[in-house]
Amino acid sequence: MSEQPIVITMGDPSGVGAEVTAKAMAGLSPEERARYAVIGDSDTMERAVRAAGLELGLRPQGPGGDASALQMIHVPVDGLPGKFGVLSEACGEACFRYIKKAVDLTSAGDASCIVTAPINKAALNSAGHHYDGHTGMLAHLTGCKSSWMLLASPTLNVLHVSTHVSLKDAIDRATPERVLETIRTGHNHLRRMGIAAPRIAVAGINPHCGEDGLFGREDDTQIAPGVAMAQKEGIDVQGPISADTVYHRANTGAFDLVIAQYHDQGHIPIKLIAFDTAVNVSLGLPIDRCSVDHGTAFDIAGTGKANHVNMLAALDYAGKLSAAKRAQMA
C-alpha cells in the first residue's frame, strides 16, 4: 500500500488552528513536511505564518512548485472575516467544509488519516450544522451510529462511554451493552496499536462504586454486567473500580486503558497530567482521525503566542495510526 498523505483540517479560521499547524509544519524537514496536506483557507494560513514570524511557503497539493513548501488544499468559503479572534457564521461553515473534504479524501483512500485543528461549536451550529463537535460530525459523515472519544497520552489512556451529554443523560447511557461495546472498542484499538494483551480498567459511576448500594445501585446493575460480558469474551478487564483511585493506578502502569463513564470523569484526570500532550482520537469510525485536545483560543489567535506542542503530539499519533493501517493492508 503506497503511503497517502495525512490531511490536517485548519479548524476555525478565526482561531489558533492555522497558527499551531504552521508552527508544527515549519519545524519539520521538507521530506517530513511532504507527508502532510492542510485543508483550509490559503489566505488564513498565510496570515498565520506571518503572525508567527515563520518562513514557510505554501503550494497547492500535488507535484510541481517549491518542494519544501507546505501543501494546501484550498476550500473556498464566502464571507470569512479575514481576521482572527471573532465568532463568525462563515467560519462555522468553513469548519464543516474542511472536515467534509477530509472525510471524502480519507474515505476514498486518497488520505491515510485526518488530524483536526480546533473548531468553535457555537460558530458551527450558527452555520446550521448541529453537532456536539468533531466526533458527532464525523460519525454522521461516515454513516456510523456509534463512535467513541479516546484521550491518549504517554502514561494514561481514557475512553469514554459518553461525552457531550448532561450528567443525568450520561448515567442513563451507561447501559451494560454500551459499556461492553466501549470495552471492546478500546481493546481492539490497543491491539491494533501494538499492545498484544491490553489491560483495561472500568471506572465506577458512583462514589466508591456505590458502596454496596449505599450510594446507588447503578454500578451493580449497569456497569458490572458489561464488564462481566467482556471478561467472558476473554478481554483482560477489571471493574467497576472506584474512580478516585483507578486513574492513579493506570497512570503508574497498572492498566493500559481506563473506561470513563462520562465526560468530566475522563477529561479532568488526563488534562491534569497531560494537558499539552493528550491527543483526542475518534474510535469506531471507518476512517482514522485524531486531534489536538484544546480549543480555538480566540483571545490569543493571531498574536503568535499559540503553543503547538499538542499539534505535534497529534501528528505523532496520526503517524502511528497510518503505520497501523499500512500494516493491516500489507
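This report describes the overall build of one predicted protein model and then some of its residues.

## Basis of the model

The model is predicted: local features need pLDDT of at least 70, side-chain atom pairs count only at pLDDT 80 or more, and totals for chains, interfaces and linings use all residues. Residues are numbered from 1 along each chain as its sequence is written, and side-chain values use heavy atoms, with hydrogens and water left out.

## Overall build

The protein chain holds 12 helices and 12 strands. Both are DSSP runs numbered from the N terminus, helices (H or I) having at least four residues and strands (E) at least two. With a radius of gyration of 20 Å, close to the 20 Å from the globule rule for 330 residues, the chain is as compact as a globular protein of that length. The radius is taken over C-alpha atoms, and the rule is 2.2 Å times the number of residues to the power 0.38. Along the principal axes, the C-alpha atoms fill a box of roughly 65 × 45 × 35 Å.

Of the 330 residues, 53% are buried. Buried means under 20% relative accessible area, exposed means over 50%, and partly exposed lies in between (1.4 Å probe, protein chains only). Among contacts (heavy atoms within 4.5 Å) with a separation of 6 or more, 74% join residues 24 or more positions apart.

## Ile 183

Ile 183 sits in helix H8, residues 176-192. Its relative accessible area is 0%, so Ile 183 is buried. Pro 63 is 120 residues away along the chain, and its C-alpha atom is separated from that of Ile 183 by 44 Å.

## The aromatic pair

A search of the whole structure finds 1 aromatic pair. Phe 96 and Tyr 131 form this stacked pair, with 6.5 Å centre to centre and 5 degrees between the planes. Rings of Phe, Tyr and Trp (its six-membered ring) pair if their centres lie within 6.5 Å; planes under 30 degrees apart count as stacked, over 60 as edge-to-face and the rest as tilted.

Phe 96 lies in helix H4 (residues 89-107) and Tyr 131 in the loop between helix H5 (121-126) and helix H6 (134-142), so the pair ties together parts 35 residues apart in sequence. Phe 96 and Tyr 131 are both buried.

## Asn 206

Asn 206 is placed in the loop between strand E8 (200-203) and helix H9 (218-232). Its relative accessibility is 15%, so Asn 206 counts as buried. Leaving out residues up to four places away in sequence, Asn 206 touches Phe 215, Gly 216, Arg 217, Glu 218 and Asp 219.
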